[in-house]
Amino acid sequence: MRIRIYWKLTLIFCSLIVLILTATYFYLNTHLKTYVETRIQDNLEKDLLLNKNLIDNELNQKINSADADDLANRIGESLGVRATIINPEGVVIGDSEVSKTGLAQLENHITRAEIQDAVRKGFGQSKRFSTSIRKNMLYMAVPLGKGKLIGILRLAIPLSDIELIESKMFKTISIAIIFAIIATLIASFFVSLMISKPLYEMSAIARRLATGDFSRKAIVHSNDETGDLAKALNNMADEINAKVKNISFEKAKLETILSSMFEGIMLTNEKGEILLLNPSIRKLFFIDSLTEGKKPLEVIRNNAIQEIVDRVLHENREVITQEVSISIPEQKTIMINGVPIVKDSVTEGAVFVFHDITELKRLEDIRKDFVANVSHELRTPISSIKGYAETLLDGKVDSEDNVKEFLGIIYQDSNRLANLIDDLLDLSKIESGKMKMEFDPLEVLPLVKRCVNVLEKTAKDKKLSIKLEIPANLSKALGDHKRLSQVFLNLLDNAIKYTPEGGAICVGAADKEKFIQIDISDTGIGIPEKDLPRIFERFYRVDKARSRELGGTGLGLSIVKHIVQTHNGQVWVQSTLGQGSTFSFTIPIA
Ligand SMILES: Nc1ncnc2c1ncn2[C@@H]1O[C@H](COP(=O)(O)OP(=O)(O)OP(=O)(O)O)[C@@H](O)[C@H]1O
Ligand SMILES: [Mg+2]
């Protein structure tokens with residue numbers, strides 16, 4: 001059970017006070033009673049002796065029975081006690097409380113203890129019940145007469161008188177004690193309150209501190225230990241406040257760094273349970289649930305990643321770097337760096353950094369492909385040129401027709417080489433942003449017509465019809481004349497190349513909001529669906545052998561895509577195998 005300090009203090013004070021005052025009461029009770037009784041007895045004794053002396057001097061060794069009663073009455077009246085005079089035989093001859101006539105009825109007093117003692121020892125005292133006046137009495141008796149016993153003087157007071165005095169006295173003491181108890185109770189109540197109030201205030205402030213409320217300060221009431229405690233509490237609050245602010249700032253800093261990091265960060269404890277995941281890693285693995293306390297395998301569902309976590313925590317090496325391929329939620333390649341957090345040779349957890357290197361890998365693959373493709377594309381015409389040139393140099397070719405044919409092949413292949421190198425240079429210029437483009441408003445129809453003119457002969461040779469469906473009110477396009485011509489030439493060249501004899505090619509154009517959309521369709525061989533996403537890649541050809549036969553290198557569409565994108569447009573294709581293809585692109589309206 002919880003008892004407040006205030007009640008404890010009050011209880012202690014009250015118990016102490018009650019204990020002390022009760023002890024005082026009992027002490028006074030016993031000692032005062034004895035004191036009062038002694039005082040009364042002493043006084044009675046003094047009065048008795050004083051009267052004995054007076055009587056002894058006055059009466060000259062003789063007591064008259066007739067005067068004795070008067071004498072007793074006088075003494076009794078002046079002292080306020082019962083006075084009795086007894087003759088040496090024990091007969092009562094005077095009594096202040098008994099009338100003269102009544103004296104005869106009193107029994108002989110010689111056997112009374114105090115009388116016996118007075119006669120024998122010179123002083124007698126006893127407490128007993130008086131049959132004459134029916135009260136408990138204190139008797140004192142002395143013999144009268146100088147040298148010769150002439151009578152006995154006895155004084156008596158009722159014991160009830162002493163008891164009355166005593167009871168009055170104790171009533172006063174009791175009232176005083178009760179008042180003292182009440183006064184000290186009230187005082188102890190306030191003293192307890194005075195001591196406990198600052199403590200209570202301070203405990204309330206400490207509780208607020210625990211909840212992070214530093215706004216209230218302890219009031220320093222006094223310059224004592226409680227005051228010191230209040231000052232210490234205030235200092236502590238200030239220090240905690242400063243530290244909390246500092247920690248909050250550090251935490252906010254860390255959170256900002258973690259959330260703005262492109263890399264995924266995972267922090268685990270020594271058991272491998274997740275303590276923290278930053279937004280990047282959540283995005284990487286599509287994690288939207290609570291993860292604290294879970295194992296990485298439960299959250300990321302990848303055994304390889306869980307193995308890395310276990311290895312980092314158990315092997316305690318500096319850094320573990322490993323590449324991991326994941327297929328859920330997407331096909332990705334991730335480079336993971338894991339470092340254990342070691343303090344005093346004990347692993348307390350680990351930090352893992354996840355780099356998404358999918359794009360890097362893809363670019364690396366493209367680069368490798370590119371180098372292989374370029375080498376291959378260059379080697380084919382060079383080998384051919386070299387071969388034919390060597391044959392000619394050997395002088396073994398005698399027929400002029402053959403010489404002409406060989407030279408023709410050499411010329412064709414060198415043209416191919418020149419085209420290839422031109423295309424590669426164009427591509428690299430566009431990609432590096434070094435290709436100069438001037439964006440001017442231009443009419444689409446005349447531009448298309450000029451391009452069609454260039455290729456008209458080739459189309460005619462293949463008996464292909466080229467139809468233009470370009471409205472006269474078509475908006476002007478904003479673009480670079482030379483580069484847009486290159487786009488049309490490439491797309492028309494493809495349409496002619498990949499459409500069998502007798503086919504039809506159509507160039508259409510229409511305004512689409514802020515853009516002009518151009519569609520170049522043919523009734524050609526079409527493109528298989530699986531190749532559609534890749535045909536804009538460099539060197540990608542559906543049928544390599546056939547394309548090469550037709551003099552293609554697979555760079556045309558790649559150049560088209562880059563030019564269109566530089567114009568802020570888009571390019572796409574729709575195709576059905578065996579039926580034809582439609583290449584579309586957009587360019588902004590001027
Ligand atoms: N209109 C089309 N019909 C069918 N297939 C096409 C068409 N246009 C392009 N392709 C396919 O896309 C591939 C890539 O075309 P791209 O223009 O980039 O290369 P290319 O024509 O082979 O060579 P280049 O244009 O460099 O001379 C072609 O090899 C061909 O397989
Ligand atoms: Mg082409």
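Visitor: How do you know that helix α12 and helix α14 come within reach of each other, and at what angle do they cross?
Guide: The axes of α12 (residues 481–497) and α14 (residues 556–566) come within 9 Å and cross at roughly 145°. Axes are lines fitted to C-alpha atoms over the stretch in contact, with angles from 0 to 180 degrees between N-to-C directions. Helices are DSSP runs of H or I, at least four residues; strands are runs of E, at least two; both are numbered from the N terminus. This is a predicted model: local features need pLDDT of at least 70, side-chain atom pairs need 80 or more, and totals for chains, interfaces and linings use all residues. Residues are numbered from 1 along each chain as written, while chains are lettered from A and ligands numbered from 1 in written order.

Visitor: Which residues of α12 and α14 meet?
Guide: From α12 come Arg-483, Gln-486, Val-487, Asn-490, Leu-491, Asp-493 and Asn-494. They meet Gly-556, Ile-559, Val-560, Ile-563 and Val-564 of α14. Contact requires C-beta atoms, placed from the backbone, within 7 Å. By class, this contact has six nonpolar, four polar and two charged residues.

Visitor: What makes α14 mostly covered?
Guide: Nine of its 11 residues are buried. Buried requires 20 or more other C-beta atoms within 10 Å; exposed is 12 or fewer, and partly exposed lies in between. Among the buried ones are Leu-557, Lys-561 and His-562. Their cover includes α10 (400–432), α12, β16 (571–576) and β17 (580–588). Just after α14, Asn-568 takes a positive phi of about 65°.

Visitor: Why is Arg-311 called partly exposed?
Guide: Arg-311 has 16 C-beta neighbours inside 10 Å, so it counts as partly exposed. Arg-311 sits in helix α8 (residues 303–315). Its C-alpha atom is 9.7 Å from that of Pro-340, 29 residues away along the chain.

Visitor: How do you set the radius of gyration of the protein against that of a compact globule?
Guide: The radius is taken over C-alpha atoms, and the globule rule is 2.2 Å times the number of residues to the power 0.38. For 590 residues, a compact globule would have a radius near 25 Å; the protein has 66 Å. Its C-alpha atoms fill a box of roughly 205 × 60 × 40 Å along the principal axes.

Visitor: How far apart are the centres of domain 1 and domain 3?
Guide: Their C-alpha centres lie 160 Å apart. Domain 1 spans 6–166, domain 2 261–349, domain 3 361–430 and domain 4 436–588. These bounds come from an automatic or database assignment.

Technical notes. Contact = placed C-beta atoms within 7 Å. Nonpolar A, V, L, I, M, F, W, Y, C, P; charged D, E, K, R; others polar.
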